[in-house]
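The following paragraphs lead a new reader through one protein model. Please look over the sequence and the structure before reading on.

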Amino acid sequence: MNMSIFNFRKRYLFTLVALFCCWGGTALSAQTKLQESSGFNQNEVIQYRINFTWGIFKGKLGDVTITNRETKDGQFFSQLIMHTTKFADNFYSVRDTLETLYSADRLPKRFEKRINENKYIANDVSTFSYYPKSIKVKNVQHANGELRVDTTMTFSRGSKEVIDLLSTLALLRTYDFVNASDTSVTKAVVPLAKNNTDVEYYFRGVESIPMPDGKKAQTLVVSIKVNDKSFKEGRDAVTVWLTRDKYLVPVKIKADLKIGAAVVDLVSYTKQ
C-alpha cells in the first residue's frame, strides 16, 4: 500500500481539521453572524478522534483537543492542538497548535498557527483590523527562521464573513437549534499567508445519530462547500452533525477529499 496519501500539503490538512473541530483594533458596528456563535457562551474542552479512509485502507490519523474560554479582561480565546498517532508519524508527523484571540465584541483580533514537523518549524500570524467599510488582515509567515510572507489583504464589510482558520467552526455554531429552519447560505473567506479560501455553509435538516455514549440524539446537519482543490467539488465536500441544543457541539464531521475521506468523531465534551 502506497502510504504517500498522508503527505498532502499542510495547508490542506489544517483547512480540513479546522473545518471539523472548532470556533488590531476595535470592531465598528456591522453585526456579523460569527458574533452569535454558541462557542462564546461557555468555557469548554472538546476532544476528537480523526480517522482516514482510502480504498481498503482505514486507520486512525490523530487526535484533536479544542479549548474555548473567556479571558479575565472579557475577551475570548480558542486553541486547537493536533497530534498524529505513532502509526501516522511514520508517514507524516504533525504536532501543531492553532490559537485565536477574539475581542470583547467577539471578532477575531489575532490568529496564530504554529507548526513543528521534525526539522520544519513555521508559524503564521494573522492580525485583523476593523473599519466602517472594510476589514484588513495582515498575514506574516516565518519558516525555519526565514520570513516567507508579509502581506495585507483588504475586504469589504458585509459581503462575506471574514474569519481566521480556527473560526470556521465558530461560524457553524450559529444555527437556530429550536426552529432549525435557517436555509440561507452563509458565505465566508479565510485569509492565510498569500491565499484566500472561500467556504459556503448550507443547512440540510435534522437527523438522529449515535452520541459518544451510544444513545441516539437529534442533530442539525450542515454541509460545506470548500473552494480548495484538495476537496471534492460541490456543496457536500464537508458534512457536519451538530448537537440540537444551545451548545451546538459538532458530534461528527465527514470530509470527502480528492483522495480518500476523513471522519472526525467526538470523544468527549466538558464544560468548565
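**Loops, a buried polar residue and the cores**

Arg106 is partly exposed, because its relative accessible area is 24%, a value between the limits of 20% and 50%. The model is a predicted one. Arg106 sits in the loop that links strand S4 (95–102) with strand S5 (108–117). Although Arg106 is not a glycine, its phi is positive, at about 65 degrees.

A positive phi is also found at Ala193, a residue other than glycine, where the angle is near 55 degrees. Ala193 belongs to the loop between strand S10 (186–192) and strand S11 (195–210). With a relative accessible area of 10%, Ala193 is buried, since buried means under 20%.

Attention now turns to a polar side chain. Asn68 is part of strand S2 (residues 57–70), and its relative accessibility of 0% means that it counts as buried. The side chain of Asn68 forms a polar contact of 2.8 Å with that of Glu44 and another, of 2.6 Å, with that of Ser78.

In soluble globular proteins, nonpolar side chains tend to be buried together. In this model, the largest nonpolar core has 54 residues, and those touching the most other members are Tyr48, Leu172, Tyr175, Tyr201, Ile224, Val238 and Leu242. Strand S12 (residues 216–226) supplies the largest share of this core, with five residues. Apart from this core lies another, of nine residues, including Leu107, Phe155, Val162 and Val189.

The surroundings of Leu242 can be followed in the structure. Beyond its neighbours within four places in sequence, Leu242 is in contact with Leu172, Tyr175, Gln218, Thr219, Leu220, Val222, Leu248, Val249 and Pro250.

Definitions and conventions
Residues are numbered from 1 along each chain as its sequence is written. This is a predicted model: local features need pLDDT of at least 70, side-chain atom pairs count only at pLDDT 80 or more; totals for chains, interfaces and linings use all residues. Side-chain values use heavy atoms; hydrogens and water are left out. A nonpolar core is a set of buried Ala, Val, Leu, Ile, Met, Phe, Trp, Tyr and Cys residues joined through side-chain atoms within 4.5 Å. Buried means under 20% relative accessible area, exposed over 50%, partly exposed in between (1.4 Å probe, protein chains only). Helices (H or I, at least four residues) and strands (E, at least two) are DSSP runs, numbered from the N terminus. Contact means heavy atoms within 4.5 Å. A polar contact is a pair of N or O atoms within 3.5 Å; within protein, one must be able to donate a hydrogen and the other to accept it, and residues adjacent in sequence count only if both atoms are side-chain atoms.
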